[in-house]
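Read each question, look at the structure, and then check the answer.

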Amino acid sequence: MDTGHLEVARLPAELTRGVGPGAGADPGVARALRYACRLFDAPGAAVRLVGQHGLDLAGQTGAVGWTEAAAKLCDQVRRQGRPLVVPDLYQDARFAAHPAGTASPGLRFYAGTPILDPCGTLLGTLCVMDHTPRAAPSAADLAMLEDLALSVQGRLEQLDNAVRIDAMARRAALMERLLTLTAEAPDFIGALRAAGGALCQSIGGTFCHVWRLNAATGQADLIDGTGFGAFQNPEFLARLRRLTLTADNSPVCRALVTGRQSVVPDLQAEGARFPAVALAARYAVATLVATPFSVGEDRCAFSVGFAERPTDLATKAALLSDATLALRPLLRRRIDEASVALFRRAVEASNDVVVITDAVLDAPDGPRILYMNQVGERETGYGVADVLGRTPRIFQGAGTAPDALASIRAALAARRPVRQELLNYRRDGTPMTVELDIAPVLDDAGHCTHFVSVQRDISARKAAERQRLEAAQELETLIRAMPGAVIRFRRDAAGAWVPSYASPSVQALTGLAPADLLAGRLPACVSEADLAALHHALDLAGVEGEGSVEFGCGQPDGPRRVILGQLRATGTGAGEIIMSWTDITGTRAMALQLAQSAKLAQLGELATGMAHELNQPLAGISLAAENALRALSAAPGAPPRVRQKLDLIIDLATRASAVIDHMRVFGRSGSGPLRPVALAGVVAGAAQLLQGKLTGQGVHLVTDIAGALPPVLGKAVPLEQVLINLIVNACDAYRAMPAPPPQRTIRIAAAARCGRMRITVADQAGGIAAEILPRIFDPFFTTKPEGTGTGLGLSISSSIITEMGGTIDVETRDGATTFTILLPLAA
């Protein structure tokens, strides 16, 4: 605001108010007025200065009162900028039509000259007046009047300088007080509160509030406030905080957004537009000045209210602007101090070692340590004084990996953050594994000035990780060594059981790799019914804690297995179940084979009992028939038909006795060592047992077994069981054909070659599909309708032949199926 010339607005208030004759004016100005009266021998003189609102009377003397006509004539001097002489106001044509000519009949003579500062700026008017007309003053008199005006200007300049000095002194005192208050305040908010209170008191305000612009909402948030009277009431501040203040409805927020001071001279007139202003007006506040300032990234403002509109409002507004400019660095320093203090407290409270170095990478020993927190003393064994000025290499040792250090150096050279695990050493030489986070610190220009590193001791964590890894490897080894597989099931978000882990051995059981099983491909190898049973068992185990289930599993083109799943819920709750899968296919086959053997044993016992009970009646029948036949032979003329019937009775009884004896032998266990076995007898025995089935189904059994064939090394009864199973399967195949052929034949042939007996059982019952041919010897595999076959016949037959040291194979071609058995010949 300082323009380099005198400003009337800075003069004391009594110089810019109308006062009584000679009373209250500055002594120097009053002396000039008296000289003017003596010079012109006039009864009155006056000085009118240019104030904020135009011309204001600064002083007068003599008997001529200040009139409206005198004011208008002084205004004319101001407008024309040179002396004005009116000998007789009534007779002067220039003012005949002018209101001043008739406004005050008592004023007749007027002589005035402008008061100019050294720069030529108009300050006011010096004039002499009389009630009677006067002759025009001489040029010398006018020159004397101008000299008096110059003396008034000199006095005004002295007053202006005094005002300036006083204002500077008051401003300096205020700034010193603000500096002291902000420095002594406990924190940033306290500094704002103290500065606001000092400003409010120094300029005569009734309250001073501190606001901050909320960058997220664009609204003004009240930080704190101080005031007098009702403005000390917390309810007033609470009501302010509840208001939503934006740039559209608040001069404070408008000042925050625009960065320009906002002055509301008349709150009563502006209350309709501004809710906060209306609230202040209700508390008898007349004027408001909102002065914005910035502190770092924050935009803040002081709002000062006045109970009465100040006459020097512009001066007070300017003082507020000056004060905020002076406060900015002080407040910024308080924020920085608070930030530094907070940083230091946070760093010292950290559980990790914090080290700050300079950014000089080309020094022989690398960057130098400028700071280390107290945690560093505890973790490294080095005192803070021991490490300051030294390189971080003091923490390194023989085991520190060179490649890790090279990675750190490359990152620091590129001025980019780096995270690295490193083996460091304490002062006593004990190693510790640390995780280093190093980041460059940049100044406002983007230059790296320091590096800050956070060093976390992870020795315990690494040891725990090694233990967990070793335990996991040991567990994996145990799981791999188990005969079955281990699968972990968890419930998903929908509550369904899904596998979350599968041991590698699951592939041998299911044909699925662990990743495929976890991907949800279990239904590809488990039937829908078995899958439902599996999930039911999981649900039960989730409730009861444990359980078991058996289900079939296998790929469509691979072996089918019977799996025993044993379930146990983990300690984490019913949402996780560990399940072991064990292949019990062989066990189940053995159990069925044992059951079959038990049935055969029971059949043998039954046959033995039946043979004992039936052989006697059959022997009696045969003996009676033989006696009757001998009697008829001795008697002449016996009818031949009777003789034939008796021969038939004897033959049938013999056959029945032979069948009973064969059943008794078939039911015996096939255990014991391998013996020479006549193949023809075995084939005949099988044919005899199946004669009824063959006849009933219209199947013709053709045997091509030479009687001179050498015996095979084996067991008669089990070999007969194998042939019976192959014949029965062929009969069932003929029966399952949609259109069986008229001639249904099963052909059994045998031939000895190269020390082995080759036995074939062939039929024409449609053949076996190529896709299932590799699986027909698998346990529990069957193509018969459910309930008509166990799927164990061929599996057991294969086991029997293998036990005898032989092999069994099958081929199918053009609707014909041939089973080939190779057995070693007896020596």
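Q: Which residue in E20 is the bridge partner of Arg490?
A: Helices (H or I, at least four residues) and strands (E, at least two) are DSSP runs, numbered from the N terminus. Strand E16 (residues 485-491) and strand E20 (residues 576-583) pair in the antiparallel sense over six bridges; two strands count as paired if DSSP finds at least two bridges between them. The partner of Arg490 in E20 is Glu576.

Q: What is the basis of these values?
A: This is a predicted model, in which local features need pLDDT of at least 70, side-chain atom pairs count only at pLDDT 80 or more, and totals for chains, interfaces and linings use all residues. Residues are numbered from 1 along each chain as its sequence is written, and side-chain values use heavy atoms, with hydrogens and water left out.

Q: Which residue in E20 stands opposite Ala569?
A: E20 also pairs with strand E19 (residues 561-569), in the antiparallel sense and over seven bridges. Opposite Ala569 stands Ile577.

Q: What is the strand order of the open sheet of five strands?
A: Its edge strands, each pairing on one side only, are E12 (369-372) and E13 (418-425). Pairing in this sheet is antiparallel, and the order is E12-E11-E15-E14-E13.

Q: Which residue in E12 is the bridge partner of Val355?
A: Strand E11 (residues 353-358) runs antiparallel to E12, and three bridges join them. In E12, Val355 has as its partner Met372.

Q: Where does H10 bend?
A: Helix H10 (residues 313-349) has 37 residues and reaches 51 Å from its first C-alpha to its last. That is close to the 54 Å expected at 1.5 Å a residue, the expected span being 1.5 Å times one less than the number of residues. The bend is about 35°, with Pro329 following within four residues; a bend is the angle between axes fitted to the seven residues ending at a residue and the seven starting there. Its place is Leu327.

Q: Is Asp814 buried or exposed?
A: Asp814 lies in the loop between strand E26 (807-813) and E27, and has a positive phi of about 55° although it is not a glycine. Most residues other than glycine have a negative phi. Buried means under 20% relative accessible area, exposed over 50%, and partly exposed in between (1.4 Å probe, protein chains only). With a relative accessible area of 76%, Asp814 is exposed.
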